Amino acid sequence: LLPNSHVLSSVRGSFNAVFMHGDEVGDILLYGRGAGSRPTASAVASDLVDIAKLGAGMGNHACAVLDDWVYIVGGPHPDATEGGPQTDPGFAFAERWRPGAAAWHKTAPLPTPRFAASALALHGRVAVAGGVAFTPDGFCEYDRVELYDPRRNAWERAAWSLPWAASAHGVAVLDVRLVLCGGFSGDAGIG
């Protein structure tokens, strides 16, 4: 526990505080409203209502944040069967939402309908990588990467792809490299 003399001990009511110490900058205190039964309940309820307004029932979609917008892309098609992922068509669904806005906004549809892809913000665009879908040619796993440009409301295929087909994986940027983590490829996990 903190001693009563510590600055965090004086935080009360609907206020939050974060106290940090850095070798070069010393002590830092971030302080403001955001906690307490009414403000927290209001914020949580508002977020749940906003999320519930998503235009289509979603699962196994890709999600990324770019320029204060939340992007939701892909997922199993609403006509998916009970046969499981290897019989489910992908969905070209794409929407974005800005926290505090009353509704989600449709964007240009994903060129390659799929689910269990991953997404991230990359150089001012949303990159959607990998994923799977049942197509007329059978079950297809993807290594492709498609890029959404919000200024043009348009998608384009990236000039590069993942090193292997992957689904239900994570991606991140580390320095200038794309890091692919976990997921599945073929019948085996890719660790």
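In which strand does Asp149 lie? Asp149 belongs to strand S11, which covers residues 144-149; strands (E, at least two residues) are DSSP runs, numbered from the N terminus.

The model is predicted, so that local features need pLDDT of at least 70 and side-chain atom pairs count only at pLDDT 80 or more, whereas totals for chains, interfaces and linings use all residues. Residues are numbered from 1 along each chain as its sequence is written, and side-chain values use heavy atoms, with hydrogens and water left out.

**View A. Surroundings of Asp149.** With a relative accessible area of 9%, Asp149 is buried (under 20% relative accessible area, 1.4 Å probe, protein chains only). A polar atom of the Asp149 side chain lies 2.9 Å from the backbone nitrogen of Arg151. Residues up to four places away in sequence not being counted, Asp149 touches Arg125 and Ala154, contact meaning heavy atoms within 4.5 Å.

**View B. The sheet that includes S11.** Four strands form an open sheet in the order S7-S8-S11-S12, with antiparallel pairing (two strands pair if DSSP finds at least two bridges between them). Strands S7 (118-122) and S12 (154-161) stand at the edges, and because each has a single partner strand, one side of each is left without a neighbour in the sheet. Neighbouring strands of this sheet are turned by 30° against each other on average, direction ignored, the axes being lines fitted to C-alpha atoms.

**View C. Pairing of S7 with S8.** Five bridges join S7 and strand S8 (residues 125-129) in the antiparallel sense, and Ala119 stands opposite Val128 in S8.

**View D. Ala133 in strand S9.** Ala133 is found in S9 (residues 132-135) and counts as buried at 1% relative accessibility.

Technical notes: Buried < 20%, exposed > 50% of the residue type's maximum accessible area, 1.4 Å probe, protein only. Polar contact = N/O pair within 3.5 Å; in protein donor to acceptor, adjacent residues only side chain to side chain. Axes fitted to C-alpha atoms, helices over the stretch in contact; angles between N-to-C directions.
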